[in-house]
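Hi,

Here is the structure I promised to pass on. Have a look at it first, and then read my notes below.

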Amino acid sequence: MLFTREYDYSLRILRALSSTDDKMTVQEISKRENITVKIAYKLAGKLESSGLIRSYRGAKGGYALNVDVNKI
């Protein structure tokens, strides 16, 4: 079974967010998971629209998981 790059990177974003209880910025996620910022923004938007993650706006904003990791 082949996984697309988008699927692989989406799992990496979810893994990064599951490792902390706090919000993470896209820059932190991309640095931690070795993903370009542009792709991380694109996939974070898709994950948010699917309801898996939630975005927080503002100076202390970022992304956090919206569902329990064990339910994913």
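Let me start with the charged pairs. The count comes to three salt bridges, a salt bridge being a side-chain nitrogen of Lys or Arg within 4 Å of a carboxyl oxygen of Asp or Glu. Before you go through them, please keep in mind that this is a predicted model: local features need pLDDT of at least 70, side-chain atom pairs count only at pLDDT 80 or more, and totals for chains, interfaces and linings use all residues. Residues are numbered from 1 along each chain as its sequence is written, and side-chain values use heavy atoms, with hydrogens and water left out.

One of the bridges joins the side chains of Glu6 and Lys46, at 3.2 Å from N to O. The pair links distant parts of the chain, 40 residues apart: Glu6 is in helix H1 (residues 5–18) and Lys46 is in helix H3 (residues 37–49). (Helices are DSSP runs of H or I with at least four residues, strands are runs of E with at least two, and both are numbered from the N terminus.) Glu6 is partly exposed, with a relative accessible area of 35%, and Lys46 is partly exposed at 40%. For those words I use these cut-offs: buried is under 20% relative accessible area, exposed is over 50%, and partly exposed is in between, with a 1.4 Å probe and protein chains only.

Arg12 and Asp8 make another salt bridge, 3.3 Å from N to O. Both lie in helix H1, four residues apart, about one turn of the helix. Arg12 counts as partly exposed at 23% relative accessibility, and so does Asp8 at 31%.

Then there is Arg15 with Glu33, where the closest N and O atoms are 2.4 Å apart. Arg15 lies in H1 and Glu33 in helix H2 (residues 26–33), so this pair ties together parts that are 18 residues apart in sequence. Glu33 counts as buried, at 8% relative accessibility.

On to H3. Its 13 residues should span 18 Å at 1.5 Å a residue, and its end C-alpha atoms are 18 Å apart, which agrees; the expected span is 1.5 Å times one less than the number of residues. Which residues of H3 are buried? They are Ala40, Leu43, Ala44 and Leu47. Seen down the helix axis, the buried residues of H3 fall within an arc of 110 degrees, so they line one face of the helix. (The arc is that of the directions from the helix axis to the C-beta atoms.) The face turned away from that buried side carries the exposed residues Lys38, Lys42 and Ser49. What covers the buried residues includes H1, H2, strand S1 (53–56) and strand S2 (62–65). Just after H3, Gly51 takes a positive phi of about 90 degrees.

The two strands are worth a look too. S1 and S2 run antiparallel and are joined by four bridges; strands pair here if DSSP finds at least two bridges between them. Ile53 has Leu65 in S2 as its bridge partner, while Ser55 stands opposite Tyr63 in S2. The strands form a hairpin with five residues between them, and Gly58 in the turn has a positive phi of about 105 degrees.

Now the inside. The largest nonpolar core has 15 residues, of which Ile13, Leu17, Ile29, Ile53 and Tyr63 touch the most other members. By nonpolar core I mean a set of buried Ala, Val, Leu, Ile, Met, Phe, Trp, Tyr and Cys residues joined through side-chain atoms within 4.5 Å. The elements that give two or more residues to this core are H1, H2 and H3, and H1 gives the most, with five. Not counting residues up to four places away in sequence, Ile13 touches Ile29, Ile35, Ala40, Leu43, Ala44 and Leu47, contact meaning heavy atoms within 4.5 Å.

Val67 is partly exposed, with a relative accessible area of 33%. Leaving aside neighbours within four places in sequence, Val67 is in contact with Gly51, Leu52 and Ile72.

Cheers
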